Amino acid sequence: MDVASYFLLFTCFLQSVRGILDPNDFLALQSIRKSLHDVPGSNFFASWDFTADPCNFAGVYCNDDKVVALNLGDPRAGSPGLTGKLDHSISKLSALADLTVVPGRIYGPLPQSLSQLKNLRFLGVSRNFISGEIPVGLGQLRNIRTIDLSYNQLTGTIPPSIGTLPQLTNLILGHNRLSGSVPSFASAYSLTRLELKHNTFSGSLAPYSLPPSVQYLSLSWNKLTGPLDRLLTRLNRLNYLDLSFNQFTGPIPAQIFSFPLSNLQMERNQFSGPVQPVNEVTIQTVDLSFNRLSGEVSPMLASVQNLYLNNNGFTGQVPVSFVERLLSAGIQILYLQHNFLTGIAISPTAEIPVSSTLCLQYNCMVPPVQTACPFNAGKRKIRPPQQCNRR
């Protein structure tokens, strides 16, 4: 019997025992099963009996004779997950559009052959022990919309080709060991979520490196530098921004305080200059602490519920609007410690609501009210006069 006849006979046998699933998909599932195992407490693979129809396996979803979605592991929260390596035969599932691996103990690199999955739209392999570099071939997946490889042990850089993917909507790579510069996503016109927190990215971001479509931007806990004012003014759809724990410099643009943000975190950088919102700020939490900001505190910030301006170079009097909002419980957290402020119009007998917190220590004034401050504010209540006289 020649090879062609044998393959035809084998195909007929497979179809007789499991319906009409494509033979290549059937063999790919077998290889995937051999490379992965349930960790103790998991029984995900209990239904993977290859004498039955694989389209009825847990996590396998078919359309006609092809596997279109593969969700490896029990998706319920707290499930034990799987262990082993991702087999390169996943690339044989030519119609695969959704590949998800639940949190577990899968290790080793991502298969380079993932680049062959031309129909792939969702790739989610988070909270495992994936190592090695991001496959360059992922930049060839022109239909992909979401890449989530967060909470792994990936190293190396982001392939520049990923920044050119036309359908890419979500790129989530936080909590890895990635390094190098952040590539340009200027041509990723659909990008709405970019999450790169807790890596070691360095260098600066060019003014046009992100498209205006971005709504969620998290770059915290990296080593990024340079100014961002020209970049940020273009991202007026932002509803979440976290740039904390980097080395960004330059001014904070006034426009950013008018964006539809619920949370603005820019603490522990090297931003400098005054903070001058044009209108009343409606952002719930604004953290600008541990920077090099200066000038007077803007009354436009009095409408912020949780405001952290501590450890900067602010000067002058605290606006009366802050006192009014604080005493009416409109402000819950107001941290002004470690600045060069010279006064605040609040009575020493004023009763600050129990739901509100005020810290004023280590400024160029005697705090008129004694309030609880965070531990890292230190014990000194007043800044040395010689420091204040220079201002």
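The model is predicted, so local features need pLDDT of at least 70 and side-chain atom pairs count only at pLDDT 80 or more, while totals for chains, interfaces and linings use all residues. Residues are numbered from 1 along each chain as its sequence is written, and side-chain values use heavy atoms, with hydrogens and water left out.

**Annotated segment**

- The UniProt record, an unreviewed entry, places the feature "domain: Leucine-rich repeat-containing N-terminal plant-type" at residues 23-63; UniProt positions follow the numbering used here, feature names are shortened, and annotations may be inferred rather than shown by experiment.
- In the model, the span of residues 23-63 is 32% helix and 17% strand, and its end C-alpha atoms lie 14 Å apart; helices (H or I, at least four residues) and strands (E, at least two) are DSSP runs, numbered from the N terminus.

**Helix H4 and what follows it**

- Helix H4 covers residues 320-327, and within it Phe-322, Val-323 and Leu-326 are buried, where buried means under 20% relative accessible area, exposed means over 50%, and partly exposed means in between (1.4 Å probe, protein chains only).
- Seen down the axis of H4, these buried residues fall within an arc of 100°, so they line one face of the helix; the arc is that of the directions from the helix axis to the C-beta atoms.
- As a general rule, an α-helix has 3.6 residues a turn, so residues three or four places apart point the same way.
- The cover over the buried residues of H4 includes strand S23 (306-308), strand S24 (313-318), strand S25 (333-335), strand S26 (340-344) and strand S27 (357-359).
- H4 is followed by Ala-329, whose phi is positive, near 65°.

**Buried residues in a loop and in a strand**

- Val-281 sits in the loop between strand S20 (270-273) and strand S21 (285-287), and with a relative accessible area of 0% Val-281 is buried.
- Not counting residues up to four places away in sequence, Val-281 touches Phe-257, Met-300, Leu-301, Ser-303 and Val-304, where contact means heavy atoms within 4.5 Å.
- Val-281 and Leu-261 are 20 residues apart along the chain, and their C-alpha atoms are separated by 9.8 Å.
- Ser-218 belongs to strand S15 (residues 216-218) and counts as buried at 1% relative accessibility.
- When residues up to four places away in sequence are not counted, Ser-218 touches Leu-194, Glu-195, Leu-196, Lys-197, Tyr-240 and Asp-242.

**The loop between S26 and S27**

- Pro-353 is found in the loop between S26 and S27, and it counts as buried at 19% relative accessibility.
- Leaving aside neighbours within four places in sequence, Pro-353 is in contact with Leu-326, Leu-327 and Ala-329.
- Glu-351 also lies in the loop between S26 and S27, but Glu-351 is exposed, with a relative accessible area of 71%.
- Glu-351 and Gly-78 are 273 residues apart in sequence, and their C-alpha atoms are 45 Å apart in space.

**Positive phi values**

- Most residues other than glycine have a negative phi.
- His-198, a residue other than glycine, has a positive phi near 55°; it is found in the loop between strand S13 (193-195) and strand S14 (200-203), and it is partly exposed, with a relative accessible area of 30%.
- Asn-311 likewise has a positive phi, near 60°, and lies in the loop between S23 and S24.

**Pocket and cavity**

- On a 1 Å grid over the protein atoms alone, a cavity is a set of points where a 1.4 Å probe fits but cannot get out, whereas a pocket is an open set with protein on both sides within 12 Å along at least five of seven lines, and lining residues have an atom within 4 Å of a point.
- The largest pocket has a volume of about 160 Å³, a volume being the space filled by probe spheres set on the grid points, which are joined across faces, edges and corners.
- The largest pocket is lined by 15 residues, of which Phe-44, Ala-58, Gly-73, Asp-74 and Pro-75 lie nearest its centre.
- That pocket lining divides into six nonpolar, seven polar and two charged residues, where Ala, Val, Leu, Ile, Met, Phe, Trp, Tyr, Cys and Pro count as nonpolar, Asp, Glu, Lys and Arg as charged, and the others, Gly among them, as polar.
- There is one cavity of 30 Å³ or more, and the largest cavity holds about 60 Å³ of space.
- The largest cavity is lined by Leu-360, Gln-361, Pro-367, Val-369, Gln-370, Thr-371, Cys-373 and Lys-381, which divide into four nonpolar, three polar and one charged.
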